[in-house]
Amino acid sequence: MTRDLWKHLILILGALIVIAPFYMMVSYSFKSPGEIDRGEGGFFGRQEMMVDERCVKLRDPNREDVAAAVPRFPNKTDSQIRDALVAEAVSDCQMRPIVFNYSKAFTEAPLLRYLLNGVIVTASIFLIQIVVALPAAYALAKLKFWGREAVFSLVLFCLLIPVHAIALPLYIMLAKIGLTNTYAALVVPWTISVFGIFLMRQFFITVPDDLIDAARMDGMGEFAIVWRVMLPTAIPALLAFAIFSVVAHWNDYFWPRIVVTGNRDLFTPPLGLREFKGDGDGSFFGPMMATATVIVTPLIVAFLVAQRRFIEGITLSGMK
Amino acid sequence: MADLQIDQVTKTFGDTQVLKGISLDIADGEFVSLVGPSGCGKSTLLRIIAGLEGQTSGAIRIHGQDVSGIRAADRNLSMVFQSYALYPHLTVAENISVPLKMRQLSAVQRLPVIGPFLPGSRDKNVEIAAAVKHAAQTLEIDKLLDRKPGQLSGGQRQRVALGRALVREPAAFLLDEPLSNLDAKLRVQTRAEIAELHRRIGATFVYVTHDQVEAMTMSSRIAVMMDGEILQCDAPDEVYHNPLDIRVAEFIGSPKINILPTEASGGVLRCGDVLLPTLAPNELNGPVLLGLRPEALRLASEDAVLKGQVAHVENLGSEIFAQISLVGQEGRVTLRATPVQRRSLRIGANVGIAFEGRAALLFDSSGKRVFNPHLIPAHSEVA
């Protein structure tokens, strides 16, 4: 009983540490800049009407605007008309902080375009990873050939190589063949996932040999076995791998930052966050956090949907 | 439908020789069981026939054609596995249709989504569906066609596995212990059904089992395998009554055959203090093993040559098996008695044992059968 209590206490503590940044992110995405600076307003902020200074500044009336507004304000001096126009602008630029943050997130940068890029890149990476990893894992798990153990050791060895160590040579190779600033540069280096090969191989080992022999007797070739027998039985493990792969590449900031230089049409969602980094006129933490929230939401939703099967895949329960 | 020839097949894994030159001719339409204890190489032999494993030397011929080097898919054999090996993600109907689809549809026609709309695939799919339905009706599983294997009982899965083998007309059926995952009652029932199925379709069956009862009840011939060799291949009756090797005699038959160690000299067998005349051939000398089936032994009066004490009695209702410790012998012998004799089989009772000389099976010290030419026709009684 007490042991359970301690266990839960430690788990709760760990969960809090993990959740805290998310809490801050979501909370900031609701608050006005003032509240963020002063650190007040609780989780939701007070949601008082605020004025978007930049919006007001953009609508600052010039001589023609004043002249054009004369019919609307008869019997007023120019400076009175000007003040009235400014007051109008201020009231038009008033909004709740939450609306401000999220509308800014989508208007300040082409966030939808970035999200689409993210989908294209992560989906291509994942699909090609499967096309490579499934046959490789099948061969390593179920076929007998000379040097199989050595090849598998190589796979394990490759798991130990950190991405950052080979980033520079990869970049140089891509640059030499003129692939920087293309989707290919974002996708190609990740298409062979040793982690995927390893994970699928561990799962395939639990698939009974009889099933594969039955498929052979039924007239299937080895590739047909991979796609028609192994793939459908490996769905839980594939989902687990999908989460790892998609999360890693959706959230990746490092690699897109290196190979996409300048062309904003190729920006992935995390690169979009840079649009709000504080330049001369102060930081936009509210919209930035709103962008971050928008970026992680698809992942969280996907995880919640696939949660049960994901855990099945991780525990590699296999087939009973 | 075809005949199978296994010619001097050997198989070695590393240093161990699993099959030591197996030769076996299986005629078209025959039901041959490969029976033996686990690890005797019978499953390996079946997998070599199937093409799932390569032989080290020797040849397999199907219908006279050497199939070495031809992959399993192209040997036109069907196999039923011990674990049934159904595709867990496909329904029963889809499971049964796989062998037909893989053989009758082209790769393009098998594609998901667009495949069924390609020219020609519609007719073929109708044909396949009809074949699946027919196979399912034969096995009485036509009501389960939409289920997934996970929703079926063991017996039903076994039928689906049979259906998948049955749906096309293979050269031969290979069955690898298909009943061993069923409970005892279902096993008896399915045993009869498979034997009936074989009679009905008249195809060649090769059946691997470690259960001698299955082999005895279903086969046209039994090949008893041990240590990578076929010791004897004969009709069940012959294997039971006329075993050529003591290992065959011990493996076939339940309860096990009684083996008594004896010394032969001049036609007389000496078993401990007991002399058993006229059993052995005159020229045989030295240690001889005397095998007696439980049903060959009869209860006799206490002055019979073999005497003993009742040590344990198993009453099966229709028959009684009594274990009797022989006087002057270490082991016990098992004797089959009728329920009428039950009263004389109290534990500890002294009984005499008699048997007909014809029923005695003699084996020399290497385990090979010794025939006594004088005994076969004559009626001699040892009492």
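This briefing covers the fold of chain A, its annotated spans, and selected strands and residues of chain B.

The model is predicted: local features need pLDDT of at least 70, side-chain atom pairs count only at pLDDT 80 or more, and totals for chains, interfaces and linings use all residues. Residues are numbered from 1 along each chain as its sequence is written, chains are lettered from A and ligands numbered from 1 in the order in which they are written, and side-chain values use heavy atoms, with hydrogens and water left out. Chain A has 17 helices and two strands. Its radius of gyration is 27 Å, well over the 20 Å of the globule rule for 320 residues, so chain A is more spread out than a compact globule.

**Chain A: overall form**

- Helices (H or I, at least four residues) and strands (E, at least two) are DSSP runs, numbered from the N terminus.
- The radius of gyration is taken over C-alpha atoms, and the globule rule is 2.2 Å times the number of residues to the power 0.38.
- The C-alpha trace of chain A spans about 95 × 65 × 40 Å along its principal axes.
- Of the 320 residues in chain A, 39% are buried (under 20% relative accessible area; exposed is over 50%, partly exposed in between; 1.4 Å probe, protein chains only).
- Among contacts in chain A with a separation of 6 or more, 73% join residues 24 or more positions apart (contact means heavy atoms within 4.5 Å).

**Chain A: annotated spans**

- UniProt, in an unreviewed entry, places the feature "transmembrane region" at several spans of chain A, including residues 114-138 and 183-204.
- UniProt positions are given in the numbering used here, feature names are shortened, and annotations may be inferred rather than shown by experiment.
- Residues 114-138 of chain A are 100% helix and 0% strand, with end C-alpha atoms 36 Å apart.
- Residues 183-204 of chain A are 73% helix and 0% strand, with end C-alpha atoms 32 Å apart.

**Chain A: Thr122**

- Thr122(A) sits in helix H7 (residues 111-142) of chain A.
- Thr122(A) has a relative accessible area of 6%, so it is buried.
- A polar atom of the Thr122(A) side chain lies 2.6 Å from the backbone oxygen of Gly118(A).
- Beyond its neighbours within four places in sequence, Thr122(A) contacts Val246(A), His249(A) and Trp250(A).

**Chain B: antiparallel sheet**

- Four strands of chain B form an open antiparallel sheet in the order S2-S1-S4-S5.
- Strand S2 (16-26) and strand S5 (65-66) of chain B are the edges, each pairing on one side only.
- Strands S1 (residues 4-13) and S4 (residues 57-62) of chain B pair in the antiparallel sense over five bridges (two strands pair if DSSP finds at least two bridges between them).
- Asp7(B) stands opposite Ala59(B) in S4(B).
- Helix H1 (residues 42-50) of chain B packs on the sheet, touching S1, S2 and S4 of chain B, and its direction makes about 120 degrees with that of S1(B).
- Axes are lines fitted to C-alpha atoms, for helices over the stretch in contact, and angles run from 0 to 180 degrees between N-to-C directions.

**Chain B: parallel pair S6 and S7**

- S6(B) pairs with strand S7 (residues 172-176) of chain B in the parallel sense over four bridges.
- Met79(B) has Leu174(B) as its bridge partner in S7(B).
- From strand S6 (residues 77-80) of chain B, Leu77(B) and Met79(B) point one way, Ser78(B) and Val80(B) the other, and all are buried.

**Chain B: Leu326**

- Leu326(B) belongs to strand S17 (residues 320-326) of chain B.
- Leu326(B) is buried, at a relative accessible area of 5%.
- Leu326(B) and Lys307(B) are 19 residues apart in sequence but 5.8 Å apart in space, C-alpha to C-alpha.

How values were computed:
A polar contact is a pair of N or O atoms within 3.5 Å; within protein, one must be able to donate a hydrogen and the other to accept it, and residues adjacent in sequence count only if both atoms are side-chain atoms.
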